[in-house]
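Reader: I would like to go through this structure feature by feature. Please give the rule for each feature, then the case.

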Amino acid sequence: MKLWHFNGGLPALAEHKNESVHLAIEKAPVPEQLIYPLQQHIGAPASVLVNVGDKVLRGQKIADAQGLVSAPIHAGSSGTISHIGEQLIPHPSGLSAPCITITTDGLDEQLKPTPCADYKQLSAVELVQMIRNAGIVGLGGAAFPTAIKLDQQGKTKPIQTLILNGAECEPYISCDDRLLKERADKVILGIEILLHLLACEQAILAVEDNSPDTFRAIQTAIKANANPVISVVKVPTIYPTGGEKQLIKTLTGKEVTSGKIPADIGIVSLNVGTVYAIQQAVIEGKPLTSRIVTVTGEGVKKPHNLEVRVGTPIHALIDVCHGYTKHAKRLIMGGPMMGYAVSSDEIPLVKASNCILVASKDEVVTEKQAMPCIRCGECASVCPVSLLPQQLYWNSRSDQIEKAAKLNLMDCIECGCCDVVCPSHIPLVQHFRHAKSALKADQHQKQLSDIARERFEAREQRIAREKAERAEKSRKKKAALKERAAKKEKEAAEKLFKEEQATTNDES
Amino acid sequence: MQFLTSSSPFIAPTNSVQRLMLWVLIALVPGCITMIWQFGYGVLFNIIICVSTAICAEALMLKLRKRAIQPAIADLSAIVTALLLALALPTLAPWWIPFVGTLIAIIIAKHLYGGLGYNPFNPAMVAFAILMVSFPKSMTVWMLPSSLLANDVSLSDMATLVFQQQTDLPYIDSITAATPLDDMKTRLGLSQTTDEIRSASIFSSFAGQGWQWVSVAYLLGGCLLIAKKIISWHIPVGLLSGLFFASLIAYLFEPSISPSPIFHLFSGGAMLGAFFIATDPVTAATTLKGRILYGVLIGLLTYVIRTWGGYPEGIAFAVLLVNMTVPMIDQYTQPRVYGHK
C-alpha cells in the first residue's frame with residue numbers, strides 16, 4: 001500500500017519499548033477504593049446518579065452523560081459509595097474536581113451483562129446508542145466520546161475509510177501493542193461491528209514497523225476472519241505518526257481541514273483499545289470499566305502491562321509492580337512527550353490513562369536552562385503540522401497573540417518535537433499552551449463584548465425608534481390639532497360670512 | 001507518595017547551542033590549517049587577537065548588561081564570530097585591525113542589538129565592512145601565497161610586521177600582493193582580457209594560487225557541517241548557485257572580459273561565505289524556501305558587487321544587504337500548514 005509523509009517528526013526518538021513490550025497483560029487486583037472523576041472525557045462532566053451509602057455492582061451506571069458531548073461512568077467493582085466530592089484528579093493543572101468514590105467489598109459482583117447474539121440485526125442508531133451507554137471514549141488519550149464520532153445521523157458525507165490506530169508512537173507505552181498481540185481476534189471483531197455500523201468499504205489497521213510480531217499476530221487474525229476489506233499496514237516509526245491527523249495523512253494522503261474533524265473527509269479514526277471496548281460493549285454487553293495500562297520506567301521495580309479497573313489509584317498499581325525503586329523522580333501519566341506529571345500517587349486512573357511512567361532523573365529532564373533563540377529553524381523542520389514554532393514563540397512571548405493566531409497557533413498539536421530539538425532549550429510547548437489559553441480567553445472576552453455591544457446597539461436603536469415614533473405621533477397629533485383649529489376657524493369664518501351675508505340681505 | 005511536577009515534553013533536549021558552535025569551529029579547522037600552509041603564520045596572530053578580544057568584550061558587555069557571563073561565553077558564539085573575522089582579514093594586517101574589528105563585531109553588531117539571537121546583521125561581516133570602508137589600504141594588502149614566495153618569511157619578521165608596522169622592511173613588496181579577485185578587477189579595468197590576466201603567476205592554477213586551496217578546505221568543512229546536520233544545504237547551495245549562474249551567463253556571452261564561474265567560486269570568500277557566514281542562523285532566513293532565496297540573493301549580489309561595485313570582494317556587503325530583507329523573506333515564504341489550503 002502506498003504511504004504518504006507528514007512534515008518532520010522525530011524518527012530517532014529513543015523508543016524505550018523494550019522495558020515493557022514483552023510483558024503479557026496481567027489482571028490487576030480490585031483496589032480498596034475506586035475513584036471516578038465526573039469529568040474524564042472531553043465535553044460536559046457526567047451527572048451523579050448515586051448517593052453516599054448506596055450499594056453498587058460492577059457495570060452499574062453511577063453517573064450519566066449530561067448532554068450530547070459527554071459520557072456516562074460505570075462502577076468498576078461492587079461496593080458502597082463512600083464519598084462524593086472534590087478530590088485530586090489526573091490533570092495537568094493539578095487541581096481537584098468532583099469525584100465519586102466507591103469502597104469495594106471484595107466480592108466483585110457484577111450486574112448481569114446483556115450479551116448480543118447477532119449485532120448485524122441492530123441498526124446503526126441502536127449500535128451508537130449502545131456505545132454511548134457503555135461510556136466509551138477515545139482510549140488513545142484524547143477521551144473524546146466515541147459515539148459522536150460514529151453517529152452518522154444528519155451527516156451528509158458518507159464514511160469511506162475506517163482507520164484503526166495501533167501506531168503507539170509515544171516512547172515507553174506498549175498497552176496497545178500487547179492488546180494487538182494477545183487479543184487481535186477481539187479487535188478484528190470490533191472492526192466488523194464498526195464496518196457494519198458505518199457501512200464503509202475499507203478498514204485499515206495501522207501499526208508501527210518496529211513490532212513485526214504484532215503485525216504477524218494481526219495478519220493471522222485477519223486471515224482467520226477472512227473479510228477482505230480489513231487490512232493491516234506497517235507505518236514508519238516516526239514520532240508522532242500515531243497522532244490522528246498524522247496517521248490519516250500517512251495512510252490516505254488526505255489532510256483534515258483545520259478546525260474540522262476526520263468525518264468531514266469521509267474518515268473515522270479510532271484507537272485499537274477503543275475498538276476492543278466497543279466489542280466488549282456490543283458482543284458481551286459490558287460497559288467500559290477497565291482498560292490496559294503500561295506501568296514502566298526506572299522508578300518501578302517490575303514494569304507491567306496491566307488490565308486495570310478505571311478508577312484505581314496509582315499507588316495500587318505501583319504495589320502490583322513491587323513498589324518504587326529509589327530512582328523514582330517523576331510520576332507521569334501518559335508518555336514522556338505528551339503526558340503530564342502528577343503530584344501524588346493517590347490520583348486515580350481515568351479512561352484515557354494509557355501509561356504510568358515512573359521516571360528516574362536520567363529518563364526525564366528536570367531542569368532546562370533556556371538560552372536565547374538563535375532562529376536555527378530546527379523546530380520548523382520537525383513540526384508535524386508545518387508550523388514555524390520559532391516565530392510563534394517570538395509572537396507569544398511578546399504578547400502578540402493575534403499575530404501568533406495568524407501563524408496558526410491553534411493548529412499546534414503540542415507533540416513536543418520542537419522542544420526536544422531546540423538547541424537553546426526553550427520550553428516552546430509550554431509557551432504555546434499558555435498562548436493558546438490566552439487566545440481562547442481573548443476570544444471568549446471578545447464574544448462577551450460582542451454580545452454586550454450588540455445589546456447596546458439594539459438598545460440604542462430601540463430608543464431611537466421609540467423617539468422617532470413619539471415624534472411622529474406628536475407631529476400627527478399637532479397636525480390633527482392644527483387641522484381641527486383650521487377647520488374651526490374656517491367654520492367660524494364661514495359662519496361669520498353667512499351671518500354677514502344674512503345681515504346684508506336683511507339690510508337690503 | 002508525593003512528586004514534583006513539570007511540563008511536558010519530559011525527554012531531554014538532543015542538541016545545544018554549544019554543540020552547534022563547537023561543530024562550526026571544528027569545521028573551520030581545515031580552513032585554518034590551509035591558511036597557515038598557504039599564507040604563513042600571520043593568520044595565527046589574527047586568530048589569537050580576535051578570539052581573546054572577543055572573549056573579553058563579550059564578558060564586559062554581559063557584565064554591563066547584567067547577564068550571566070558563564071553560560072553566554074560557554075555557548076562559543078563569540079569565538080565563532082571572532083574566528084570568522086580572523087579568517088576574513090588580511091594575514092599581514094596590523095594588530096589593531098583585528099582588535100578594533102572584533103570590538104565592533106561583539107560590542108556594536110552583537111550586544112548593542114540585544115546579544116545572541118537578536119542581532120539583525122552578521123557581526124563578523126559588520127566588522128569586516130566597517131574596516132573595509134575605514135581602512136581600505138590595510139584591508140587589501142595580502143601576503144603572497146607561499147608557493148609564490150621567493151624566500152620564507154620568519155615568524156619574528158611576521159610579528160614585526162603585525163605589531164610594529166615596519167613597512168620599511170627591505171622585502172615588503174616582494175611578499176605582498178593584491179588578492180586574485182582584486183588583481184582581476186584592476187586589470188579588467190585596464191582593458192586587459194581574462195586570458196592576458198590569467199597568464200600572470202598568481203592565476204597559474206584553476207582559481208588563483210593559494211586561495212583556491214583555502215576555498216577547497218572551506219568547502220570540505222562546509223560539507224562536514226551539512227553531513228552533521230549543523231547547517232542545512234539550502235543557503236550554501238542557493239548562494240553558490242546564484243554566484244555560479246550569474247557568472248556563467250556573463251562568461252558564456254563575453255568570455256574575454258568575464259572571469260569563469262570556477263574563478264568566482266574558488267578565488268575569494270565565496271566558500272567561507274556560503275558555508276560559514278551566510279548560514280549564521282540568527283541573521284539568516286528561517287523557512288526552507290526562504291533560505292534558498294536568501295542564498296541566491298547573496299550569490300547574485302556578490303556577483304554584482306564584484307563586477308560593477310567599488311570593492312573587489314562582495315560577500316560581506318551582499319550578506320549585510322540581504323540580512324535586511326530577512327523579515328520580508330520569512331513573511332512571504334511560510335510553509336503551508338497541515339489542513340490549510
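Reader: How many aromatic pairs does a search of the whole structure find?

Author: Rings of Phe, Tyr and Trp (its six-membered ring) pair if their centres lie within 6.5 Å; planes under 30 degrees apart count as stacked, over 60 as edge-to-face and the rest as tilted. Over all chains the search gives 10 aromatic pairs. One of them joins B:Y303 and B:W308, edge-to-face, with 5.9 Å centre to centre and 85° between the planes.

Reader: What kind of model is this, and how is it numbered?

Author: This is a predicted model, in which local features need pLDDT of at least 70 and side-chain atom pairs count only at pLDDT 80 or more, while totals for chains, interfaces and linings use all residues. Residues are numbered from 1 along each chain as its sequence is written, chains are lettered from A and ligands numbered from 1 in the order in which they are written, and side-chain values use heavy atoms, leaving out hydrogens and water.

Reader: Is B:W308 buried or exposed?

Author: Buried means under 20% relative accessible area, exposed over 50%, partly exposed in between (1.4 Å probe, protein chains only). B:W308 is exposed, at 64%, whereas B:Y303 is buried, at 9%.

Reader: Which ring lies under the charged end of A:K2?

Author: A charge sits over a ring if NZ of Lys or CZ of Arg is within 6 Å of the ring centre and within 35 degrees of the ring normal. For A:K2 the ring is that of A:W4, its centre 4.7 Å away. The charged end of A:K234 sits over the ring of A:F215, 4.7 Å from the centre.

Reader: How many residues of chain B and chain A take part in their contact?

Author: Contact means heavy atoms within 4.5 Å. Chain B contributes 39 residues and chain A 61 residues. Buried area is the accessible area (1.4 Å probe) that two parts lose on being put together, summed over both. For chain B and chain A this is about 4300 Å², with 58% on carbon and sulfur atoms. On the chain B side, B:F3, B:F10 and B:Y338 lose the most area to chain A, together 21% of what that side buries.

Reader: How many salt bridges and polar contacts cross that interface?

Author: A salt bridge is a side-chain nitrogen of Lys or Arg within 4 Å of a carboxyl oxygen of Asp or Glu. Two are found between chain B and chain A, including A:R375 with B:D330 at 3.4 Å, N to O. A polar contact is a pair of N or O atoms within 3.5 Å; within protein, one must be able to donate a hydrogen and the other to accept it, and residues adjacent in sequence count only if both atoms are side-chain atoms. Here 26 residue pairs qualify, both at pLDDT 80 or more.
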